[in-house]
Amino acid sequence: MFRVKRFPQAIDMIAAGTSAPTPMAAKAIPALQQNLHDRHPAVRAASVDALGRIGMTRRGSAQAVAAALSDSDDEVRQAAAAALEEASDAVVIPALVRALGDPDEDVRQSAANSLGRIGKPAVPQLLGALRSGNPVTLQMTALALGRVGPGAIPELVRTVRDPHGALLVRRYAAVALGETGSGDVQVIQALVAALQDDAPVLRGAAATALGKLGPAARNGTDALIAVLNRGEEQPAVRVQAAQALGAIGRASDRVVPALTLMLQQPDPAVQAASVSALRRINAGTAAAGGGTRVADLIQLMGDRDPS
């Protein structure tokens, strides 16, 4: 029987530089799986990592690594969550979804990355986790759905637009749309519609998501300006709209005047966000060979700069 020495360095030598099992590495897989029960966390973590690089296509390896997501050691769980991005077996998805609620942030981030890499097969269970409304996992579930990308967009759009859906779920569906990086028309339209919602928390999330999309969300600029100009709008939502306009850039000639008008608002947070947005727009415009008008405006503000 092939034996793997019980030292991480030896295990690393087996997997180093390999993206598919060599004959020697393939023989090591059963021993690596056995090492997942070793009493030394460093050995377990190194064995998980090695399996991730050479053994995810072998029967039982993905399940064994998924089981390591319940390990008592943070580093072992993080290694398992990262290794599973190479898994093609859908059986690992429930374990990764549960890992989105892990107490360790690195484990949560790795689980979200792996679910994003697994892609569309993970969407139904991720949506189930999102709709459960569990506040512990909502942020990371949204991140994972965003990293899935186009395969998750139709369901996320439906969730954001659902007037009967739970507010917290709709909010994080909007967050997920921002994480997709997509300027697809249905994404922008769903977020623009959410800017009109009765709930400030959803309006703010939609504004932030549009900003996260950057220049791809230029078709949402007018709706964000409308949020700024809405007399009864909450200051926190105006701040998020101003920040989004700064991230999107000078998508229309109306952006700079709208942000400039916000300098007259009594709320210092709105003023500060508007100044920051104007500076960001000026930096982007200057990089393209312009920027003088916005720079002059910022200079003229002088002592009124609340930052």
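1. Contact here means heavy atoms within 4.5 Å. Helices are DSSP runs (H or I, at least four residues), numbered from the N terminus. The model is predicted: local features need pLDDT of at least 70, side-chain atom pairs count only at pLDDT 80 or more, and totals for chains, interfaces and linings use all residues. Residues are numbered from 1 along each chain, and side-chain values use heavy atoms, without hydrogens and water.

2. Confidence comes next. pLDDT is the predictor's confidence in each residue, from 0 to 100. The chain average is 86, and 82% of the residues score at least 70. Residues 1-5 stay under 50, with 13 contacts beyond four places in sequence. Residues 303-307 are also below 50, with 10 contacts beyond near neighbours in sequence. Where pLDDT is low, predicted coordinates should not be read in detail.

3. Consider helix α8, residues 123-131. Its buried residues (under 20% relative accessible area, 1.4 Å probe, protein chains only) are Val123, Leu126, Leu127, Ala129 and Leu130. They span an arc of only 160° around the axis, which puts them on the same side of α8. That arc is taken from the directions from the helix axis to the C-beta atoms.

4. The cover over these buried residues includes α6 (93-99), α7 (105-118), α9 (138-148), α10 (153-161) and α11. After α8 comes Gly133, with a positive phi near 70°.

Terms used: Buried < 20%, exposed > 50% of the residue type's maximum accessible area, 1.4 Å probe, protein only. Helix = DSSP H or I, 4+ residues; strand = E, 2+ residues; numbered from the N terminus.
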